[in-house]
Amino acid sequence: MRPVPVRMLVLGAALALGACDNRSLTIGYGTPPTPTPVATPTPGPGGSPSPSPSPSTGPSPTPTATPSASPTASPTPSPTLGLPPPQPLMAGVAARALDVPVGTPLGGYLRPPVGGEYIPAFEDLAGGDPSAFFNEMLDFLVYEADDGTPLAPLPDELRALHSPYATYSPPSRGYYDSLIAKAVALYDGHDYVVLVKTDMIGMLDEVVVAVNEKVEADTGIALGDGLLMSATHTHDGPGALANHSTRYFWLAMDVYQPEVFERLVAQLADLVKQALADLQPARFGHAVGSEGYLSRIDDPANPQPKNLNSFRRNVALPGYDVEANDAMRKRLGVLRVDRLDGTPLAVVINYAAHGIAFDVENQYFSGDVLASVEREVEAGFDTPVVAMLVQSAGGNVSPRADGGPTLQRIERFGKLLAPQVRALYDGIDELDDAPDLRAVSQRIVLDAEHLGYPDSDGQHGDGDYPYPWGGVQCNNEAAVPFVGPGTGESIPFCLPAPPPDEIDLADNGVAENGAFVPQDTRVTAVRIGDVMLLAQPGEPLSEYGVRLLAMAQEEGRDPASTFVWGYAQDHVGYILADEKADWEQGGTEGTTTFWGWRLGARLLDVNRALLRALRDRSAPPADEFSANYFYRDLPYAPAQATPSLMPGRVIEQPAPIERFQTAVFSWEGGDPVVDAPRVRLQRRTAPGLFEDARRANGTAIDTLFEMHLKYRLAAGVHLWTVELEPPKDWPAGEYRFVVDGHALAVSSDYAVTSAPFTISTSPSLQLSPPVASADGLRIEATLAYTPRPHNYRLIDVEVKTDRPAPVREGRVVFSDGANTVEATQPSIEAREGRLVAVYSAPAAAFAGTVSATGFDRWGNSAPLGAAKSRPVRMPAAAQRSATAN
């Protein structure tokens, strides 16, 4: 079943929660995954003087920055710390698929959206009690079977039985691609910097703290501020991770599940330890460029300049430099980490695009377009390398990859951006083998007083922003009208956040554990040689990013060496520039800015102070409070798995297939509470011998993308299915699926191997009959791939999925029975609104009727008889030439 997208009316306005391209409800933040102690050097006191610079290379049109909205006068510099010089750089990498239990709801949209002309129990939601709203909302959920037949909503008790992790959202049903967490660890002999990326909607400080604590407990290494964790902001990662410090996020994340939180924290800590165990001598470099490409998908005859992202919010406001915002949107940064012998270790990509290629209907985990970029960058190397994408100022930026099925658009996005990343990477020719590493942070309080809203009668913000605990849905018609005191002026409205938990306020006066919206956050800045990474705890918009780079330039930093590190360390919603007019636009970005327009200025000032601490090698500003995450110690009841009768029992064996078709293997496995099947694809390499199939860069195919993993519960049986759709260039041969899993049964671990199946070449190419060219001097035919608009793998990045794609690498054999010519160099041309591959041979080589056969580079062919022989009339000039020869 799948939820039917139903329009939700809230006095004519959509209730938007975070980042959905004005299509559905959304929000942002996330988390991630299992451990082993490692022997690594214990850190020293930290910091050190800057070595020789690591210059930016390649094209670097840095955004024209506008002055900061709230420039801060330089204070008296803090005393310089006695920091030791850096030692030669050590670097290590790690990557792992996160085992998020299937059934955990996806996080990012409210799935499915509320239907009807009003929101039931909305007053209770605004007052801080979401339970009545969620219970009432279930009555409005409409479902349909896969064939479109309407079905009644699932009763509450059946939803709970289907997945203990989904309270009101549809449970996830499997994986389109694995959620890959990645880490790059750096060590300069004194300080550690560990960059961690997760396929989540966002990051929380609680996750960073928990991972830090576990790594230190297991290894003795205190990473402190040096652990920099970010999320790609895919809207198809795990939900149920937003804990009690941000209950408003439950609308788009579902109710918090501490068991899922703890499982993913353990896996992320294990990832960090693997990266630390991999430390080896390394070098570091960076570059900044501007993303853009020429597209022929709409008009093959006239390539048009395009970008892979676009604005979804007006940036033409007073005081905003539209060109600078545009440059910020297109900004593409690359960090390069190599071994000393020049072989690659890591490629870190900094680019802005929301992870919203899928809409609200999707119920399968995916890293969305961001993971596609990483896959395609890694595929471009002939050796394993870790590519990770970190969002820039992407709060108001959506992905663009033309039309077609979502999975094909996602693949197209990666294939178009990866070559641009590689070009920047290859252009980095100066690398630093001893960059200075240092990281600093500050915890700050979020309230009207600290944000600087004017006060009246001793109440901060009661005139401009009268929401002592923050507000939601600001400038949305769902909010509550408010009139300024004594003015009669109606101002933008918000739904007031209810007071935080009293028990949480009692220990330190800050509600870091139990609140409706964030009451605090953490800002981090990291130095890697000449490079500055400014971590933003939420979704920075482009104008805020422009001002952040301008601030860095004011403080003496090169903007081309300064990176906006979005969705990092924590999540406080959208981060707008300090302009009330922008906030008053409302929309998704305005309604999920919980502290109004002054939040941006507050964070900009903190970034400035941290940047100065790195620049001057001085102490960072002190934390405004000490976080105490004692809610994490609250007991919870782990989910209980239901048993499996015959785990490992085969349900369906794969049949022989051709490329472009789908192989399917199904088996009885375990309850997703305990089972996360590991599926490997193996290929026969010798009689009776199967080995793991590998990607072009040498990595084993034991994560999901080429394969999809699906789950359903049928009559109490846990049915798992893996699907494989080989594309045009998949190696032909004999394959099998190998599965390892866990079930609640007599024997808890199970293993099952499919019957072997063959993948053969496809005889589905389209070959046109041979004809004489316009001048009569050549015989030509076009060769194309049959359109596959319903497949999930892409054929050609420049062709719409419902049109034949040219065979760019192939051969056409022309013959008149006595003479044969093989054409292998096609001309790619635009004809009649289509992109075609034209193969040709000299007309003078033939004496009569010419036939043709066609193949691509990988052995796919046109069906026999597809290009029928036809007489080809040669003009007199060609005939005379043939006679002369």
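Start with helix H7, residues 322-330, and helix H12, residues 542-554: their axes come within 9 Å and cross at roughly 95°. Helices here are DSSP runs of H or I with at least four residues, strands are runs of E with at least two, and both are numbered from the N terminus. Axes are lines fitted to C-alpha atoms, for helices over the stretch in contact, with angles from 0 to 180 degrees between N-to-C directions. H7 is therefore roughly perpendicular to H12; that label covers 65 to 115 degrees, while under 35 counts as roughly parallel, over 145 as roughly antiparallel, and the rest as oblique.

Ala324, Asn325 and Met328 of H7 make the contact with Ser542, Glu543, Gly545, Val546 and Leu549 of H12. Contact means heavy atoms within 4.5 Å. By class, there are 4 nonpolar, 3 polar and 1 charged residues. Nonpolar means Ala, Val, Leu, Ile, Met, Phe, Trp, Tyr, Cys and Pro; charged means Asp, Glu, Lys and Arg; the others, Gly among them, are polar.

A word on the source: this is a predicted model, where local features need pLDDT of at least 70 and side-chain atom pairs count only at pLDDT 80 or more, while totals for chains, interfaces and linings use all residues. Residues are numbered from 1 along each chain as its sequence is written, and side-chain values use heavy atoms, with hydrogens and water left out.

H12 also meets H15, with axes that come within 10 Å and cross at roughly 30°. So H12 is roughly parallel to H15. On the H12 side, the contact residues are Tyr544, Arg547, Leu548, Met551, Ala552 and Glu554; on H15 they are Gly600, Leu603, Leu604, Asn607, Arg608 and Leu611. This contact has 7 nonpolar, 2 polar and 3 charged residues.

What does tyrosine 636 contact, leaving aside its neighbours within four places in sequence? Pro258, Glu259 and Glu262. The C-alpha atoms of tyrosine 636 and proline 258 are separated by 7.2 Å, although the two are 378 residues apart along the chain.

Last, the strands. Two strands pair if DSSP finds at least two bridges between them. E40, residues 733-742, pairs antiparallel with E36, residues 678-686, over 6 bridges, and arginine 678 stands opposite aspartate 740. E40 is also joined to E41, residues 749-753, by 5 antiparallel bridges, and the two form a hairpin with 6 residues between them. Histidine 742 has aspartate 749 as its bridge partner there.
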